[in-house]
Each structure stands twice: as structure tokens, then as C-alpha cells.
Number of protein chains: 2
Amino acid sequence: MTQESRPPLLGIVGGGQLARMTVQAAIGLGVRVRVLAARPDDSAVQVWPDVIVGSPDSFDALSGFAAGCDLLTFDHELVDPEHLAALEAAGRSLRPSAATQRFAQDKGYQRERFAALGLPVPAHRLIAGADDLRAFGDEHGWPVVAKARRGGYDGRGVWIVANPEEGQTLVQRGSAAGVHLLAERRLAIERELAVLVARRPTGEAVVYPVVETVQVDGICREVLAPAPVPRPLAAEAGRLALRVADVTDAAGMLAVEMFAVDGELSVNEIAVRPHNSGHFSIEGAVTSQFENHLRAVLDLPLGDTSLTAPAAVMVNVLGGPHGTDPRANLTAALTVPGVHVHLYGKEAWPGRKVGHVTALGDDPEDARGRARRAAALLMGGE
Amino acid sequence: MTQESRPPLLGIVGGGQLARMTVQAAIGLGVRVRVLAARPDDSAVQVWPDVIVGSPDSFDALSGFAAGCDLLTFDHELVDPEHLAALEAAGRSLRPSAATQRFAQDKGYQRERFAALGLPVPAHRLIAGADDLRAFGDEHGWPVVAKARRGGYDGRGVWIVANPEEGQTLVQRGSAAGVHLLAERRLAIERELAVLVARRPTGEAVVYPVVETVQVDGICREVLAPAPVPRPLAAEAGRLALRVADVTDAAGMLAVEMFAVDGELSVNEIAVRPHNSGHFSIEGAVTSQFENHLRAVLDLPLGDTSLTAPAAVMVNVLGGPHGTDPRANLTAALTVPGVHVHLYGKEAWPGRKVGHVTALGDDPEDARGRARRAAALLMGGE
């Protein structure tokens, strides 16, 4: 095979569990992948041979890595936007682009743009000073939700502000720390939903069935596929996600997290990469989000997103208070019938996502029970 | 994590596509695996970081590799039996053991042992000289099938002997080349079936539904799961495979290939490792043969072997006459709906297995049509 005929080399920036599960999907397709990982023991580095160790925060590391690849995709949304812009200015292909990633990197930008485009978003205001927060709370009612515009995830960077005095303190602290805030109306959320979309650079897109995400303290604990919602709401969620994919010009996987309030949907967060809400798809959909991410960013035809069973339930494995290695509990967990265990090779700090378990079945509650039981056993429970 | 608490390191001897798909399954379980590969571009080496390059034919390479691992399993059955015995004498854990591997390494030994144990095997005779072959043919009728006792696969090492004169020539050539022969009655085979069993060192075993293997020129082309056979015959095939697992004291995956003649089963070949007839199980069974191989050799509880759909069809991707790289045809193949493509990263010599495609569905013929179409496209067809 000549050099000219070699398939493109895809670089993945970041070596976490999303990269780990993406390289796992790359094995079947036989596509060429290289990973840029910050540490030599990162999750993906443990299972992939073609790795460059270097910090995605360093422009030198990033641009050197990009120079050796034909195109880049991302395990997370934490790369400096100026670095992304500089890579594009240097002619590198980013999938998703810097412009698409901005929607996930800056919640304030996202809310403003989506609102301007007529997409449903919670009532919100960008906060320049304590007066903005006070005015927003007085208009929409206290408490209000304040969010860091950048960098928050898994419940970090979100505050419930009870009154103007708390608001003033938060704004002062934020200002001192360089954190820009966004205020949002606190909603009486019935359910949190998520919809995954895979989209090619050409605009061709496929959408997965809407799922329910069960959050505790802002951390996703369980995902139920399909979401137990009326069919019209499910269809509306799918349409909304496809609109988000189009307006953000997504390339690769996109996850759109939504709130359902009084039967109405609004967009909460988006991720422009494979997402925890899509891990069920490894076994629960004909084509997993990881394979479809590869197919989408490599501009290959997209795969069938249908569910493979009436119900699929994913339960996250979180580090417990004692930091027990879940691998030490594999024997116990594998006694649970029909569960699919995915461990990430990460140290089990308390509350950290270190794996997940998926179970499929005809009965959602039965699948949920099995997935929960295996996850609890992996976390050192009984 | 202390050194003492680390999970065991499993060594896989051989770096072919079976090792490749086994390490893919290891990612989810988080188990530790190292591969001994003859060449730095072997199929598994392309997708796994913990690799020792060295020849499994060299006792030095093999014993050095074994010394660094806690237990060994095998990608193929070609390791010198004396080397296996020496490893065991040195206290290494082999799964499967040297004694188990002998059943797959020596067809003559296998036939004789199985016959002595009352397992159904074709009428056969070990051939010491041309007179043995003549006597066997005269008793059972010409033509007879002659097989090399060791080393044959994918149709190699099998001859159809029309008459005593051809037999004499073959025996002389075999004798000159050091090939020991086995004669078998030529059967009017209705179907070729295969049953996969996963068995732990403790003897606990699970059996997969019986499949039909479609062979052309001695090479497996397609696998249909479940096999379209009456239920009593399917049940008998499962029982027979479990008996073979017990009498061979299998550890890990075992594939039992069978002939069905006049509604009666006989054992044709066995493989004491994951096998081509089980590739459908990656998507077509709740637990794939690769995950169950890992679970079995690591003495972990075994996974559910049920089918995930009414029908699963696997079609091998063979190198075509022009040596086309199947990766160059990925775009075409992925337009076929609902197919799962597995490429092995091997050079596409004519007739060489370089990948496979699996399709699932309610209708076996529909699934077969899709899998065939995608495989043909990968091979450069239209």
C-alpha cells in the first residue's frame, strides 16, 4: 500500500474514557487513530498503542500533534478556544470546529445564540455585576441558578442562589476568580432528557432515541433508553436535537441535554462529542455513539441508531468513599446476569466516574435492577 | 494500588485477529493483557500497547514471555507441544493446558480418544503406510478423505483420494515431508454445524446456540446463527459440545465443528480458542466469545450466551484477486444498513481472511443479504 492510499490518521485530543471507548470502536472499522494524552497512565493510553504524551493545554504539544494527523477530534471541550482558532488558521481540520466547540465551551454564548435563533432555553441573563443578578432574581423569582459560563461539569460550577445577598457574595467571588456567570430561572424540572445526534461535515445526520438521564447532585447516575415519555414529546426532542446540530454545525457526536417542564422542552447543556448519556448505545443501539463518532468525523456513512432491545439502562460506576478499585469486585459483578461492564482504568476517587454498566431487556425495571446491582457491587457494595 | 492487589496479567501467545478481538473485549472488563506477536505489524499489535515482539515458535521467546505473565492463553494451536509441556513443567499456567491443546493439534489423537470415549466421530484410521490407506478405502469405499494429522487449516492439509494408486502417491509424499496422515470415510454431509462452549478451569461451562457454517473449498464463508435445524438436533449438538468440553478439560473458548449426516452428528474438528464460527457473537450474543474467553481463562463468572436477535449472520471478508485493501472500500460497505464491520488490519492476499461482517435481524435471509453485500463491497465488488 502506498503512502498516498493510506486512510487518514485521526487524532483524538485527550485520553479519557471517551477516547478509550472511541479507540475500542476504531478496532473494528480498522481506521487509524492517534491519541494526545496528558499522562502516560490515562484511560485511553492503557489500551491503545499510538499515543503522544503531551498536554492538550500546551499549544506546542497540540500543534505538534495536529501536524502529524490528518484531522483532529476531541475527548473533551477544555482546549483553549484561542488554540483551536490558531490551529484552524494554520489549516488544520477540527471536527468539531472551533466555532462548534464554542457552544459547549461558553454556556453564555450558547444561551444567547440559541435564544436569538428561537430555540427553547431557560430564562437567563449574562451577569456583569451583582445588580444584574439581583434584577434577574427580582424578575424571575428567588432562588435563581447561577452557572459558571466556562469549565463547569458534573455539578461543579453551578450554584443555587437564595437571595440578593448570596448573589452579591457569589458575584464578588466569581469576579475575583475570573469566573463569568450566567443566571437562570430555577425550573420545576419533571425529567432531564438527552438526545444524541451523529452528524457528518456534509450535514447528513442521524438521531438516537431520546433517553432520560437521572441526576443526583448534578452528576448523571443512570440513563434509561428509551425515555419513558409520550411519543409526541420524544419526537419533539429528536427534532430539537437535530436543529441544535444544524445551528451549531456539529461534526461528530452531539449530545443535547434538555429539561422537560410542563410538557415543554428547553435546552440545558450540549456536548459536542460522545457523551455519558450515550454509553448505553454500545450494546443498546445497532451502532454505538463511539462508532458513529468515528464515522461522522471521518465523513463515512452513518450507522443505524435503532435500539437493540425494548429497554437499555446504563448505570455509572462512581468511586466510593474508600477508593476501592472496581476491578477487585469484577467476580461479584459478573455474577449478575446479562450485564455489560465497562471499566475505565481510572483511580477510584470518591464520586469520580470510573466505569459504567449496561443491561438490556424487555422490562426496563428488570434491566435497571440488574445494572444497578452490578454497579453497586463494582463500587464495593453487597 | 499495591503490587500485590494488581489483577493478574494474562499473556496471549500470537497476535492475529483472534488476539485483536480479544484485546478489544479486554478494554471493557479492564483486565490486564499482554500479547506475544511474531511481527511488529501483526493484527493485534496495531491496536494494543502491551506487546512483546518475538516468535511463538521460539522456546526462548515463549518462556521469557511466560515468565512476565501470570497465565497464558493462545491465539492459535501451533505452539510446539514440547514447548507447552516444558512451560507446564516450569510451573506456568496454560489455559487451555498442553493436554487440552493436543486434541486440537493432533487430529489423529483426537479421533482415537473421542472414539474410545464413545463420542461420535467419522470412521477413520491412522495411516502408517500405503497399505493402511488401501485397506481403509476398500472397507469404507473410495474416494476417501486423507488429512494431515497436524497443522492443516482452512482447507489446507486435506485431500480427496480417488483410488489406491493416488493413495500410494500421497502416502509416499507425506512420508517424505514428515506429514502423518489420517484417513476418513467421505460423508454425504447435509450441513456443517458448530457449537461454542466457554469453560472455566473449575469446569463451569456455558454453551452458545448451535450455528451453521457454510464452507467453500474448505474455508468458512458464512455462519448462520441459529442453525436452521430441528430443535432436537440443536439440543443434541449442545450436549455433544459440552461433553467434548469435559473430556478435553477445556479452559477458555472451545469450538466443536460437527457434520450432520442423516440427522446424526459427528465431531469433525475442534478449536480450543475463540473461533471464526463464533465471530457472530460480538453483536449476535449477549456476551461475545472474546469476552467469555477472557472470563473463562481468568476464572471469572461466565456471561449469557443467548442470541440478541432472531437471526445473526456473519460473512467473512476474504482477500480478492487484486489484493484490494478493504479499508479503501469502507465508505461503500457502510452504506449497507445495520452491518457491523470488523477489519483485521491484514494484507489482503487472495483468499486470506482479512475481516468479517455481521448483520442481525428478524429475517435470516435479509440479514444474510446485507452481510453478504457489505462483505462483497469490502472485497472490491459492486
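**Salt bridges, strands, core and interface**

E184(A) forms a salt bridge with K147(A), the closest N and O atoms being 3.3 Å apart, where a salt bridge is a side-chain nitrogen of Lys or Arg within 4 Å of a carboxyl oxygen of Asp or Glu. This pair links distant parts of the chain, since E184(A) lies in strand β8 (residues 181–185) of chain A and K147(A) in strand β6 (residues 144–148) of chain A, 37 residues apart; helices (H or I, at least four residues) and strands (E, at least two) are DSSP runs, numbered from the N terminus. Both E184(A) and K147(A) are buried, a word that stands for under 20% relative accessible area, with exposed for over 50% and partly exposed for what lies in between (1.4 Å probe, protein chains only). The two residues also belong to a network of salt bridges that links R111(A), K147(A), E184(A) and E269(A).

The model is a predicted one, in which local features need pLDDT of at least 70 and side-chain atom pairs count only at pLDDT 80 or more, while totals for chains, interfaces and linings use all residues. Residues are numbered from 1 along each chain as its sequence is written, chains are lettered from A and ligands numbered from 1 in the order in which they are written, and side-chain values use heavy atoms, with hydrogens and water left out.

Over all chains the count comes to 42 salt bridges. One of them joins the side chains of R39(A) and D42(A) at 3.3 Å, N to O; R39(A) counts as partly exposed because its relative accessibility is 49%, whereas D42(A), at 11%, counts as buried. Another is found in chain B, where the side chains of D366(B) and R370(B) meet at 3.2 Å, N to O. These two residues are separated by about one helical turn because they are four residues apart in helix α12 (residues 364–378) of chain B. D366(B) is partly exposed, with 38% relative accessibility, and R370(B) is buried, with a relative accessible area of 14%.

Strand β9 (residues 191–199) of chain A is mostly covered, eight of its nine residues being buried. β9(A) pairs in the antiparallel sense with strand β13 (residues 252–261) of chain A over nine bridges, two strands being taken to pair if DSSP finds at least two bridges between them; within this pairing, V197(A) has L254(A) as its bridge partner. Strand β11 (residues 211–216) of chain A also runs antiparallel to β9(A), joined to it by three bridges, and here the bridge partner of L193(A) is E212(A). A further antiparallel pairing, over three bridges, is made with strand β10 (residues 205–207) of chain A, in which V206(A) stands opposite A198(A). The hairpin of β9(A) and β10(A) has five residues between the strands, and there G203(A) takes a positive phi near 105 degrees.

In soluble globular proteins, nonpolar side chains tend to be buried together. The largest nonpolar core in this model has 92 residues, such a core being a set of buried Ala, Val, Leu, Ile, Met, Phe, Trp, Tyr and Cys residues joined through side-chain atoms within 4.5 Å. The residues with the most contacts inside this core are V33(A), V357(A), V33(B), L330(B) and V357(B). Leaving aside residues up to four places away in sequence, V33(B) touches L9(B), L10(B), I12(B), V23(B), A26(B), W48(B), D50(B) and L294(B), contact meaning heavy atoms within 4.5 Å.

Between the two chains, 33 residues of chain A are in contact with 33 residues of chain B. The area buried between chain A and chain B is about 3000 Å², of which carbon and sulfur atoms give 61%; buried area is the accessible area (1.4 Å probe) that two parts lose on being put together, summed over both. I27(A), R327(A) and L334(A) supply 21% of the area that chain A buries against chain B, more than any other three residues. The count of salt bridges between chain A and chain B is zero. α1 (17–29), α11 (330–333) and β16 (339–343) of chain A each supply at least two residues of the side of chain A that touches chain B, and α1(A) gives the most to that side, with five residues.
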